[in-house]
Every structure is written in structure tokens, then in C-alpha cells.
Amino acid sequence: MSINRRQFLRRAGMITALGLGSSFVISGFRKKEVAEAAGFAKAPKDLPAKRWAMVVDMSKFKTEDDINGVIEACHKLHNVPKFPNTKDEIKWIWKDDYQHTFAGGHNEYLDDHVLRSPFMVLCNHCENPPCVKACPTQATFQRPDGIVAMDFHRCIGCRFCMGACPFGARSFNFKDPRPFIEEVSTEYPTRTPGVVEKCNFCYERLADGLMPACVEKSNGGLIFGDLDDLNSEVRKIISTKFTIRRKPELGTQPSVYYLVGGGEDA
């Protein structure tokens, strides 16, 4: 499914020559219809939200096993392959150190424990997602509830979205991922070579009235809910406690917030 630069430009030139633009030939649909075609136009019936968001409470992750269990739950459900070569790595949720997670915000007086601790990292489902603007086929699109979703059938492998994402939250399948899935989950489709993938906030579970798999596995370390709901737990935490987001200076407005330090009552 991947194409090289020359093929992409030739295809784009043909579309322009026909005068059709991206509203039909590339995407097949306009913005609203893209979501409808992919089956994700409406917010889930059982768990409706205007703006889904997540709070990561790092005080709840005491050991590496706490984090690894969350990663495993996500990757197993979504058929994320385990390639032996790290250069081929596909990741939806992973761990990184403080300096890479919050680049540019180094505090020389920060506690060594915080600096050494692994942090949960995933797609930020930004309010202003640059990946959506960069995608020429609308394979990457934003749902009405704020989730930045992927339509794998429309992905042409140009990787423009990967270049636009400032958080490194997208992975590209350079080879067939299916032989590297230990046990195929029937809850989510497998992918093919030449497509980009990432965290989707478990929209398939939200549609069934369930919380994201990572949230269920986190034992309270991940809090998920509607940011626009004044009574939701995520809104209460963000309103009453000091939280930080990744690279706020870029203006993407991430929907993932971090509670760092503060002990059990953070």
C-alpha cells in the first residue's frame, strides 16, 4: 500500500488535472462523510462525550510490571505485533523517561526519582491535531468527540502524518505485521504492510459502553472521561490539581494530562 514520492506526486497531479481535488477522489468523501464512512461519525451511544480526555496519575504506577501490564493489555487487544528488530517497532502505548516525555521542560532541581521514572506515553488526541491536516487522503481524521482516528483502508503509506506528529505517536508497518502477532484478537482488525497505526482511545470499546483497555488494567493510574462534563473525574482532577501536558508550547492542545509526583494524594 505504500507509494514512493514520485507515485504520490503523479497521483496528486492526475487528481488536480481532473479538477476533482481531495474532496472526492482522494478521500471519496468530505470531512463529515469521512467519519460516517468509517463508521465512527457519532459519539458512542452508551458512553457519550463531547471531548474524551485522559489523566495519567504516575503515583499509581509503582513498578515496571504496573506499566508493562497496561502496555500488554492494549497491544494484545489491538493486535500490535512484536517485531524482533526494534527498528520495526509498532507501538500504541509505551514508556519513556521524563526528559523525553517532557522535552524542553527540564528542572535541574527535580527529584531524581521523577527523572528516572518511566512515563506512560500514547497518542495525545490533540484538539488541534497536525496529523489530520497533513494527511492527504483523510485516512487520519478527527471524530466529533475529539478522538483522532485512523481509517486503515485509506492510508496510502505516505507517512506525512508521522512527520507532522510532534510526539512520535505513530508507527509505520514496513513489513507484514500479522506473522508477528502471538495470538490474534478477534476484537480488532489486523493491519497490512504500508499503513500507519496508533492508539485510538479504544473507540471500539467505548461503543460497547466499556472503558479503554489500558484504563481497566491501570488500577486507577489512568483516568478517562469527558473533559466537557463538569462532573466527570477527569474534569475534576484537571480543575483542582496541577497537571502538565506534553509540549504545550506547540499549541496542539493534547487531551492527555499528567499528574506528576505528590504521593498517593496527587
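In this predicted model, R246 touches H100, T101, F102, V121, N124, F167, P254 and Y258, leaving out residues up to four places away in sequence. The residue R246 itself belongs to the loop that runs between α11 (233-240) and β9 (256-259). R246 is buried, yet it has no salt bridge. The nearest side chain of opposite charge is that of D96, 5.7 Å away. A salt bridge requires a side-chain nitrogen of Lys or Arg within 4 Å of a carboxyl oxygen of Asp or Glu. A polar atom of the R246 side chain does, however, lie 2.8 Å from the backbone oxygen of T101.

D96 is found in strand β2 and is partly exposed, with a relative accessible area of 25%. Leaving aside neighbours within four places in sequence, D96 is in contact with T101, S117, P118, F119 and V121. One of these, P118, is 22 residues from D96 in sequence, while the two C-alpha atoms are 5.2 Å apart in space. T101 and V121 are among the residues that R246 touches, and both are also in contact with D96.

K247 has a positive phi of about 45 degrees although it is not a glycine. In helix α11, T240 is exposed, with a relative accessible area of 64%. A polar atom of the T240 side chain lies 2.7 Å from the backbone oxygen of K236.

The view may now be widened to the whole protein chain. Its secondary structure comes to eleven helices and nine strands. Of the 266 residues in the chain, 47% are buried. Among contacts between residues at least 6 apart in sequence, 65% join residues at least 24 apart.

The interior comes next. In soluble globular proteins, nonpolar side chains tend to be buried together. Here the largest nonpolar core has 55 residues, of which M54, V56, F61, I93, M120, F201 and L222 touch the most other members. The contacts of F201, not counting residues up to four places away in sequence, are W52, M54, L122, H125, I147, L206, P212, F224 and V256. A second, separate core has eight residues, including A53, L227, V234 and I237.

H125, one of the residues touched by F201, is found in the loop between β3 and α7 (130-134). H125 is buried, with a relative accessible area of 1%. Its backbone has a positive phi of about 45 degrees, although H125 is not a glycine.

Which residues of α4 are buried? They are I67, G69, V70, I71, C74, H75 and L77. What covers these buried residues includes the strands β2 (93-96), β3 (119-122) and β8 (222-226), together with the helices α9 (203-206) and α10 (213-217). Strand β2, which takes part in this cover, is also the strand in which D96 is found. Just after α4, N79 takes a positive phi of about 55 degrees.

Key:
Residues are numbered from 1 along each chain as its sequence is written. This is a predicted model: local features need pLDDT of at least 70, side-chain atom pairs count only at pLDDT 80 or more; totals for chains, interfaces and linings use all residues. Side-chain values use heavy atoms; hydrogens and water are left out. Helices (H or I, at least four residues) and strands (E, at least two) are DSSP runs, numbered from the N terminus. Buried means under 20% relative accessible area, exposed over 50%, partly exposed in between (1.4 Å probe, protein chains only). Lys and Arg count as positive and Asp and Glu as negative; His and the chain ends are not counted. A polar contact is a pair of N or O atoms within 3.5 Å; within protein, one must be able to donate a hydrogen and the other to accept it, and residues adjacent in sequence count only if both atoms are side-chain atoms. Contact means heavy atoms within 4.5 Å. A nonpolar core is a set of buried Ala, Val, Leu, Ile, Met, Phe, Trp, Tyr and Cys residues joined through side-chain atoms within 4.5 Å.
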